[in-house]
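Q: Please take me through this structure feature by feature, giving the general idea of each before the particular case.

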Amino acid sequence: MSAPTQHEPDGEQLPPPRSVYTDLGFGRVVAQQVRGRFLTHDGEPTSRKYGLGAQRIERFYLRALAAPLPAFLGWALGALLLLNGIFALAYLALGDGAIHGTELVGIDDPFLRVFAFSVGIFTTTGTGPLYPFGATAQWLVVFESFFGPFVLVVIAGLLIARLTRPRMRIQFSDSAVIAPYEGGRGLMFRMVNARPGDVNDVQVRVSVALFEEEDGRRTRNFYPLALERSSVDLFTLHWTVVHPIDAESPLRGATPDTLHAAEAEVLVMVNAHEETFSTRVTARASYTWEEIRWDAKFASIFATSPDGVLAIDVERLGRLERLPEGTTRVPAAIEGVPSEARSQA
């Protein structure tokens with residue numbers, strides 16, 4: 001969907017928006033076959049690649065890097081307890097004589113005794129007075145003495161990779177809004193750097209995917225959206241990204257119904273310079289037509305600080321203020337006036 005056809009008061013038809021078509025790398029033919037969104041709201045691609053196998057190790061590695069730190073530590077601890085529990089059951093299955101010295105550790109529970117022994121072998125910290133007896137027990141200890149350090153090295157490696165991985169966690173507003181903007185309307189969303197580290201030279205590109213009728217066929221097209229500002233040097237607070245909806249905008253004349261019919265999706269690409277590791281980092285987000293709010297504007301995000309410096313409350317990032325019905329659901333008159341005519345006026 002480009003904007004619906006609009007007319008000047010004298011009946012003259014407006015020229016089509018002068019937007020450059022792009023497919024964002026999906027390919028023009030493939031883009032027509034896709035249903036649903038291209039990215040999740042958090043920026044994860046919804047596409048799949050077949051013919052490469054399950055790639056379980058690679059996917060596990062990526063998930064381990066992306067998981068929140070409490071979840072990562074919880075899963076790591078759970079895996080260590082589970083593995084040592086399995087080895088403890090194996091030692092128990094060998095019988096009471098497999099582990100000697102149990103009477104010296106002061107533990108009555110048989111499972112807890114062999115579990116403590118397994119932890120000592122697994123972590124190479126030592127088993128005290130406990131020692132294996134018999135060929136089978138000795139071979140099990142040999143296997144665990146190799147397997148345990150390997151697992152610990154993998155977990156330590158993942159933890160180091162997480163700590164040394166340059167990342168930028170951009171938090172986006174839950175919704176985008178069509179809000180009043182300089183006598184017309186603008187598509188807006190907010191974002192904030194949710195990490196303590198600073199980023200600068202932040203650049204953002206926004207595109208919209210729309211289904212349109214072309215020669216009697218329903219085709220999906222992609223259009224870049226011109227922004228009020230596409231980069232900022234300092235990103236210490238928040239940024240409200242604005243696309244002014246004018247006569248050149250692919251969204252001119254847009255209403256909730258037309259965006260619904262076009263299955264509109266706004267695609268956001270952000271890249272910035274991360275100071276801690278001195279490298280470029282990226283982030284993505286997506287807003288479908290269902291996640292765009294009308295007749296609303298973003299509420300103030302600024303907060304009062306005790307020492308009087310600039311401050312924001314990130315919990316207000318997506319907070320909206322309702323506007324009178326029809327404030328932005330109805331296309332603005334400025335969307336029917338080309339920029340040349342506005343500049344001459």
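Q: Which residue of strand E5 stands opposite Ala-179?

A: Strands (E, at least two residues) and helices (H or I, at least four) are DSSP runs numbered from the N terminus, and two strands pair if DSSP finds at least two bridges between them. Here Ala-179 stands opposite Gly-186 in E5, within an antiparallel pairing of E4 with E5 (residues 184-193) that extends over five bridges. The model is a predicted one, in which local features need pLDDT of at least 70 and side-chain atom pairs count only at pLDDT 80 or more, whereas totals for chains, interfaces and linings use all residues. Residues are numbered from 1 along each chain as its sequence is written, and side-chain values use heavy atoms, with hydrogens and water left out.

Q: In which sense does E4 pair with E12, parallel or antiparallel?

A: The pairing of E4 with strand E12 (residues 292-294) is in the parallel sense and runs over three bridges, with Val-177 opposite Arg-293 of E12. In a regular strand the side chains alternate between the two faces of the sheet.

Q: Why is E4 described as largely enclosed by the rest of the structure?

A: A residue is buried under 20% relative accessible area, exposed over 50% and partly exposed in between (1.4 Å probe, protein chains only). Five of the six residues of E4 (residues 176-181) are buried, so this strand is largely enclosed by the rest of the structure.

Q: At what angle do H3 and H4 pack, and which classes of residue form their contact?

A: Axes are lines fitted to C-alpha atoms, for helices over the stretch in contact, and angles run from 0 to 180 degrees between N-to-C directions. Helix H3 (residues 69-93) packs against helix H4 (residues 110-123) at about 120°, with the axes 8 Å apart. That makes H3 oblique to H4, given that angles under 35 degrees count as roughly parallel, over 145 as roughly antiparallel, 65 to 115 as roughly perpendicular and the rest as oblique. Contact means heavy atoms within 4.5 Å, and the residues making this one include Leu-80, Phe-87 and Leu-92 of H3 and Phe-111, Val-114 and Phe-122 of H4. They divide into 15 nonpolar, three polar and no charged, where Ala, Val, Leu, Ile, Met, Phe, Trp, Tyr, Cys and Pro count as nonpolar, Asp, Glu, Lys and Arg as charged, and the others, Gly among them, as polar.

Q: Which residues does Arg-167 contact beyond its neighbours within four places in sequence?

A: Arg-167, found in the loop between helix H5 (135-164) and strand E3 (170-172), is in contact with Leu-65, Ala-66, Arg-195, Glu-274 and Val-281 when those neighbours are left aside. Arg-167 is partly exposed, at a relative accessible area of 26%, and its C-alpha atom is separated by 8.9 Å from that of Arg-280, 113 residues apart along the chain.
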